[in-house]
Amino acid sequence: MNKLIVTTPTDTTIKFERRLNAPRETVFEAFTNADMMKQWFADPENPVTTVESDAREGGQYKLVWNGPDGEMTMSGVYTTFERPTFIQSTEKWEPDWTGGDVLNDIRFEVEGAGTLLILVSTYPSNAARDGAKDGAAEGFGTCLDALEALIAN
């Protein structure tokens, strides 16, 4: 599998980078298509039970996981939507473990026959960023492994 690179460029941001072996249009679709999202946002211990995605500027999205600790929801709004190069969205968790809304900038860059995915998440505070870093890196890494397997088929 390709390795996820995680850095903290500022006191409130986490930057995730990973090369995926699929065209940019395919990776972009996987990030916005509810049926595809349900497959790769899951992991065996926390299955996704609900995915909604109104993939357009101003549209909303929602994912619900049912895990050993109960239900967890991530929802937000696509604030900028430029198919197939860029998505900006808000992200809110229930229960709220991030201390408020997170702002995500996701870039999909052509790299050879594949795609360089760059996600920059901006947290409401340094403490929120630090509290999220390890879990977000592990969880997103697991999801991207599942995405890589999905788009390889």
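Me: In which loop does Pro-84 lie?

Reply: Two remarks on conventions come first. This is a predicted model, in which local features need pLDDT of at least 70 and side-chain atom pairs count only at pLDDT 80 or more, while totals for chains, interfaces and linings use all residues. Residues are numbered from 1 along each chain as its sequence is written, and side-chain values use heavy atoms, with hydrogens and water left out. Helices (H or I, at least four residues) and strands (E, at least two) are DSSP runs, numbered from the N terminus. Pro-84 lies in the loop between strand S5 (70–82) and strand S6 (86–94). The peptide bond that leads from Arg-83 to Pro-84 is cis, with omega near -5°.

Me: Where is Pro-95 placed, and what is the peptide bond from Glu-94 to Pro-95, cis or trans?

Reply: Pro-95 is found in the loop between S6 and strand S7 (102–111). The bond from Glu-94 to Pro-95 is cis, with omega near -5°.

Me: How is strand pairing read, and which strands does S8 join?

Reply: Two strands pair if DSSP finds at least two bridges between them. S8 (residues 114–122) is joined to strand S2 (residues 13–20) by 8 bridges, and the two run antiparallel. Within this pairing, Phe-16 stands opposite Leu-119 of S8. S7 and S8 also run antiparallel, with 9 bridges, and Glu-109 has Leu-116 in S8 as its bridge partner. S7 and S8 form a hairpin with 2 residues between them, where Gly-112 in the turn has a positive phi of about 65°.

Me: How many residues of S8 are buried?

Reply: Buried means under 20% relative accessible area, exposed over 50%, and partly exposed in between (1.4 Å probe, protein chains only). In S8, 7 of its 9 residues are buried, and the strand is mostly covered.

Me: Why does Trp-93 count as buried?

Reply: Trp-93 counts as buried because its relative accessibility is 8%. Trp-97 has a relative accessible area of 37% and is therefore partly exposed.
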